Structures are given as C-alpha cells and as structure tokens.
Amino acid sequence: MWPLYPFPVQPSLSSPTGPFEMSDPSPEASRTLLLFRILFILLLLCGLFLRLTGLFRSLDRGYTFHPDEAKQVHKLSAYLQGRYLEYHNDLYYDGYPYGLNRLDELILRPVFALRHGIRTQLGMPEELIPPIPELYYWARSLRVLYALAIMLLLYACCRRLKLPRSCSLLAMGLYALHPLAITVSHAATGDIGTDLWVALAMYTLIAACQGGRYAWWCACGIACGWAFACKYHGALAMWMPGAALLFRSWPVWKNLSSKLLAGLSCLAGFFLGALLGNPGFVLDGKRTWRLLVKNLEFIQNYNRPPGYDELNLLGKMEWGLTRNLPGMSMHLGLILLLICISTLILYALRKPKDEETSTEETRAGSLAMCSFPLLALLLATLFKADVQPFHFSFLLPPLALAAALLFRPQLLARHKGLTAMALPFLLLQGMLWAPLLKQEQLLWASTESRAIQIHYAHAVFKDPTPILKQNHHRYPHADSTIKFTYVEPAQLPVFRNTARRVDLPNGTGWISNPALPLHSQPAQLPDTWVLMHGPRLPVSDRVFRLQSQGSPLLRRNLVFHDKLPNLRIGFRSGAFPARVVGEIDGQRIELELAAHEQQVVEFKALRGQLHFPAHHKFPASYLLPLQLRCFWSDVEMQLLDSEEALDSYLALGPGAPIELLVKLAENFPPAEVVPTELLRYAEETELEQPLPVSRNLPFLAAGSYELILNLHNSGPSAELQATLSGSLEDALPRLEIPPGSSRQIIPFRKQALPLEPLLKLESNSSGLSLHGWELKLRLDDQANTLRALAQLPGPEELRLPPSHPTRIRFAKRLEVQSLYLPETLRSGSELPYTLRVKLSSKLSTREFQELVLFLHLKDPDGNTIAHLDMPLREAAFSDEVRPHFFQVPAPLAAGSYRLNLGLYNTRTRIRYTAEGEDEDQITVYEWQHPGPTP
C-alpha cells in the first residue's frame, strides 16, 4: 500500500522504488519535485482557507443556519455520554442517520480525556464532556479536518493507480476548489461523512483490485456501510465494489469462487460498517430498522409539490429527468460530468492486452468508480420530487478521480485529440467556478440573516417578543411587515440566509410614511448587511456613527430589492473637523468636513457586487459593498436611497430651504397615525453624578425632543436650570425638584446647529445629583417645530477656532502639525483644543508608550499656572484630530498669557527640544486677558 505522505523518501536496498520516491536524482528532477511539493501545500492551504471562512458564523449569537445541525450535535453529545439509544417520537429525529457523529465521538473521546486530565493537573477542573454550544465548534472543526482527509485520500488513490503527480494534484485540486465540497464543510451535518467514507472506499477498492487480500474487500465494505450510516444514499457506494467484481474478468463466471469470496467479504464489511456507524442496530435492531424505513419514506415524500403524487411512474421519471437532473448536473459541474463520461467510455473500450501499467482488475476498479457518479446521480434524482444539491457532494471524489484518470499518459498517447480537448474544458470549469467561489466567500464571511432579524428587533423595539416572525416563504405584502431579511436565494447551502421578517403591530402609519422628517439614531447593529427597504424608524439601520478612535473600518453590504437607484450618502460632523475616506461599489469617497458641517454625496451608475434575479417567490437582490473610515473626529452617516429620504435629511440639517420645511410640516401625519410606544430612541444612560453637569449630547438634528432626567435630591426642595446650545427657546423651564428620587421631563425644540449640542444642568442645591437620562422624540410637536424652523432667519455659521499650523518637529519622532484653539481665554473655564499629530516611521514601539506631550499655561510673569500631560498613545492616532480640554484657573490677572508645548520621556525624564529651537518648550499661542471684571 502506498503511503499517504506525498513526498519522496529514500528507497531502501531491499525494496523497489515506489511512485512517491525519486528515481531521477538530476537537478531538473529535483526542481520539478520541489514544484509539486509547493503546489501540494498550496492546494491544502487553499482548501483549508476556503473552508475556514465563516466556519463558525453566528455560533457566538446562538444560531445555526442549518436545521439538521441541532439534532446532529445533540446526538454527538448523547454518544459522548454513552447514550446510544435516544428517541424523541419525531421522525425528524428518530431514524435519522448519525453515522458521522460516531466517528466524531471516537475522535473526541481521547481529546476530551486528555484535555480534562491536563486541566485537572493545572487546577482548572471542568466537565469531561463540553456543553452543547461548545460542541458545535468541535463538530464544525472536524468537518474541515475530514475535508483535508478527503483531499489526501484522492491524492493517494491517484498515486496508488500510478498516475503522475500532476494528475494526482488535479484530482486533489478539483475537490479542494469545488463549491459544493466547500459548502458541506460549513455545517455540522453528516453530508461530508459520506464524502469521506466514499473516498476511503475508493482507496480500499483500488488496493483490493491490485491483488490485495480479502481484507481489502472487507475494508471497502466497511467504508460503504459507514457511508450508509452517515447518509442513507451512501449505500449506493456498494455499486463500486460490486461493479469491480463484475468487470474483473470476463465472462462473469470466470474465477467465480474468488469473486464470491470477495463479494461476501465486502458484504460482511458493509453490515459491520453499518453496525459501527449506528449502534442502534446492535442495541435495538428491530426498532432501529423500523424507524429507518419510516424516515426513508419521510425523506422521499418531503416537500412534494401539488400534483406529483397523481403522476404515474413514467411521469415521475420525466419529472426527475427534467426538473432535478439538469440542476444537479450544473451544481456538480456539467463539464466534470462530461469528462467522467468520456473517461468511462475510454476505459470501457480498452482491452486488457492494451494495459501497460495496470492490471485487468485495476481497470475494472477504474470502470466501477467512473460509472458510480453517473448511476448514483440518475437513481437519486429520478424518483424524487425535490432534491438539494449538498446531499450529492459524495459524488465529487469519484468525479475528481475520473478527471485525473483521463490524463493517464497511456490514454494521452492513444487519444491525443480527445484528451487534449479535456484540459481547456477543465480550465473553463474552473473559470465558471471562480465567480461562484468569490460569491460564496463573501456570503460565508457575512452574518446569518437570522442574526440580522434578532439584532434589528432588539435594537429598534422595546419589546421584540411579538415582533419576530419565522420563515416567510414569499415576499411580504402585509401592512405589518417593516423589514424582510432576504439576501439570497437558496443556492448551494439551501438553508443559509433564509428569508425572515420583522413585523410591527399597527405599523401601517410607518409603512405609509416611510421617510418622516425625524432624526434617527444609529441602530448599532454589528452585522454585515444593510437592508435598504422599509420605513426609517427613530432608530435606523441606515444611520451609522463612524468612529474616529483608532479609525476602525466600517464594512457593510447594502441589499436592494429594486433596480439600483442613484444612492446618496449624507455626512455630518460634530464639534470638530473630520475627514472621511472609503468607497462604495468601487467608487471612491474622500471628503473633509468642517465642524458642524453637512455634506451629501451622490453615486450614480451603481452595478452591485452580486445580483440575484427575481423568481416566483422572491424579488431580485443586489448587493453593494461599502467601506468607510473617518479621521480626526466622529461622523454621522445616513444612507439616502429615495427623494423622500433626501428631503427629510436636508430639512433637519443646516441651511434647510424654507419651502421644504413648510411642505414637510403641512404633510406631517397626525401623531396617532404613527405610534411610537413600541420603538426605542436613545437608550437610558445610568450614572451617578452630582450637579452641576456639562456634557455633549449625541448627534442631534433639528426637531422636537424631550429630555427625561432621573434625579435624586438628598436635601430640601431645589431648583434645576437646564440650558442647551441650539435650542429654539431662550431658556428651558426652571424645575422645582422635591426631596428624594424623581423623574423630570424637559421638552425642547432644537435647530440644526450645533449638531453636538452642549447640555448644562445647574442647581442652587449641592444635594441634587443626576442618576441617568433618556432622550426621546416628541412626535406630536414635530410639525410645529418644522414651521418654527421655517420662520427663523438664516442660520448663523458656527465658527471653528482658528487653525494654527505649527509644524513643530521633535527629534525626528513626531510632528505637531496644527492646533485648534479658541480666540479668547476665559477665567475658570475649560479651554477646548484639538491637536493633530503625525508620527515618524522612526519612532519605536517603546518610545510610543513612553513619550508624553505637555502643555504649560504661563502667566504674564512667566510662571506656570496650569499644566496638562497627554500620553502620545492617547494624543496621536495616524492624522486624527481629537478634542481635549484644559482647565483654566481663576481668577486671571490682566496681561499676556502663553501656552507652551513640549515633549518628554516618562522613563528617562528627558525633554526633547523642537527643531530650530533652543528651549525644551515652545510657545504655540498667546492671549491678552483683560483681567477680572469689576
């Protein structure tokens, strides 16, 4: 038997040189062998990468996309605990094949025992058998391990047949890159188990046909039996040893006794494999068999369309040939099937005397393996109403081997024309797979739609329990459906991203008014998809807060169900400038925003990365990739896919046209038409902070709001005064706060600027403290607010503190590029400033952790009256601008005040001088203060 190790070993003096060994020690042969080694490793790594992408998708959220995974993993847990008989009185569970879980159990038992022993010795005891959620990770990981084993078995089969290394790599690569083989590696089901045992049956059959003992025939039967235990159609693999015995010698009765013994050995092995894979046959054979038959009937009748049962035998055969066979042929690879047919014909026409490097028995085995996919495909699709592609992945190993057999040198020499045509057709097959592989990589790496539904419901609704709906098999037209999580049709995995819906009771008002002029907060969904349909609710999945801290990249895929519009994206900055870069559907985005600025960017001629056409159940689906990153300060972004959404966005931002405000106010629906009691807006923030309180509210566009404060007064009655920058009211109402805990509501109207308003809460009592706050929309007052905004004069531009380009370089370690400072210095107040720092490539990691920028405020006499240290790791992230505050002491005398900047090392206490300066600190700004007001 040839070893599975694919690299050459030194031949011994007592054994002939094998096909894995070097027979030509020349440098050219060594280079060729090195190339094959590299290709072998690359194919393994490529197959591993394609299967690891999205392997554990949604498991951290407690959801598995494939319905068979739950019962498979629960059965694995039962096997590990020694419970081999377990019934649920449900054909969905009872009688189902769990053969691969037996193999999982045999592998995991020693692994868990070893882990338990090591952790016990380290004083970290745990349960011997992990909980079921953890077993999902183990089971899916084993599926990838089985896929790699199949690739190695295919390589070994080809080498056992004395095929060249190039043919062996071809068979291995076809399985590694086949989209269907990748699909069955992503779920903890038993489908890949059939692939594994069929591949093992092929290897043992080759060994048996090459003159091996009857043990090889028995081993082949065991592999076929265990394939049957994994999936019932695995029993079809018995065709391979049966056909090999039939074709072994002609006439059939030649060497009849030897054939009978081999056949009986194989049949005995089949029963042994079935018993090993399904312990129920040993423990309770009668009931196990009865449930198996019932489950087979259940599977046969599953998802039958109307009218199928009325068809006669010929009608059902026609149905299978016209409905199932073409689709399955495309999923398996039509070119691959045609190559398999060609190989079968060529081997059938060859006579034993023409064999040069293989025996008649080996030829019989090759015929059997090449005929198996064609026969199994025909039988499995002919008499079944509905088939799913991943159940047929067990045909891929023999198909890959058949392609490799076509390029045997002996065939190439005799049939140059036919075999020469096969290579470009195989390349064409690879080109057809390429876009599908790219699509699958994207979809496997993306969030499962079930998680989208759950996260959306919890982020948008206060009580999502009555909101979530199960699978919805047709595009919804109900008035209650506000979100439909359809991304892709069933395709290869069938159950991935199944369509679900989110319903809002009494949601007619929101659906008939899909883009009300209301400011929406980001839904904060950690998901891949953005479903570009449904009404824009107060918490929206089409609104995002781009974070500048560390400049994380926002990656999303936009999903449209209509023809792609000219998409607009609105950007709003806060209290500081911001820079946005990225791309959507390949179109570049790059813009800079001043403080409190709004820009709308339009993108035309969008094509979409993926497009799934419409069919009778679902609409078309267009997927557009979006990647964005912002620097300096945070940015609020909104996706605007309609004229209504654009109007609402412009009305609530700076510089809104008066006629637009009047139009939206007149058309604003009554509050009772659009209920808000089920919807979130801003989550309640819990804290404990004594008054006075000063903080910036999150991005807040023009509109009508109410602020709900949770207060506690430890003293007598107190007064509370709230002020808010940008409020339409001259002063918010003063509130009387009784002793104890109370909940106070402050209504207010706000104009567009500033987009990050400053809220101040002050009291005449030191015993009043804030324990939390909540922000809500006032839907009943929004129309009046729009009218009030229309009567305001043009918005006064907010002035950004002047920029001071400093270009201060410190010892070639960093450069302070600019400062933003206010024009006046106020006694006893906070001095806001922003700092833009560029790090040098010569700056070491250690210095990055140790360096600190310092600011010293000098009085007219040169004394330091205030100072601030800012670690470099907090002050500089790329070219980001971040807001900081410097406390100015009080009182300040009249005179000139200077702000000095410097750099020092906290470990060495060394201060660095700026380039071109003699002092260890440099004056970056100077104010004239008039002194205290009399």
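**Close-up views of a predicted model**

View 1. With a relative accessible area of 34%, phenylalanine 56 is partly exposed (buried means under 20% relative accessible area, exposed over 50%, partly exposed in between, with a 1.4 Å probe and protein chains only). This is a predicted model, in which local features need pLDDT of at least 70 and side-chain atom pairs count only at pLDDT 80 or more, while totals for chains, interfaces and linings use all residues. Residues are numbered from 1 along each chain as its sequence is written, and side-chain values use heavy atoms, with hydrogens and water left out. Tyrosine 137 is partly exposed too, at 30% relative accessibility. The structure holds 21 aromatic pairs (rings of Phe, Tyr and Trp, the last by its six-membered ring, with centres within 6.5 Å; planes under 30 degrees apart count as stacked, over 60 as edge-to-face and the rest as tilted). One of them joins phenylalanine 56 and tyrosine 137, tilted at 50° between the planes and 5.0 Å centre to centre. Because phenylalanine 56 lies in the loop between α1 and α2 (67-80) and tyrosine 137 in helix α4, the pair ties together parts 81 residues apart in sequence (helices are DSSP runs of H or I, at least four residues, numbered from the N terminus).

**View 2. Phenylalanine 65 pairs with tryptophan 444**. Here the ring centres are 5.5 Å apart and the planes stand at 55°, so this pair is tilted. It links phenylalanine 65, in the loop between α1 and α2, to tryptophan 444 in helix α18 (residues 416-444), 379 residues away in the chain. Both phenylalanine 65 and tryptophan 444 are buried.

**View 3. The largest nonpolar core**. Among its 111 residues, Met240 and Leu395 touch the most other members (such a core is a set of buried Ala, Val, Leu, Ile, Met, Phe, Trp, Tyr and Cys residues joined through side-chain atoms within 4.5 Å). Helix α4 (residues 132-160) gives the largest share of this core, 15 residues. A second, separate core of 59 residues includes Leu711, Ala722, Leu724 and Leu786.

**View 4. Serine 168 and its contacts**. Look for serine 168 in helix α5 (residues 165-177). It counts as buried because its relative accessibility is 0%. Leaving aside residues up to four places away in sequence, serine 168 touches Tyr155, Cys158, Arg159 and Leu163 (contact means heavy atoms within 4.5 Å).

**View 5. An aromatic cluster**. Phe228, Tyr232, Phe270 and Phe271 are linked by ring pairs.

Definitions and conventions. Helices (H or I, at least four residues) and strands (E, at least two) are DSSP runs, numbered from the N terminus.
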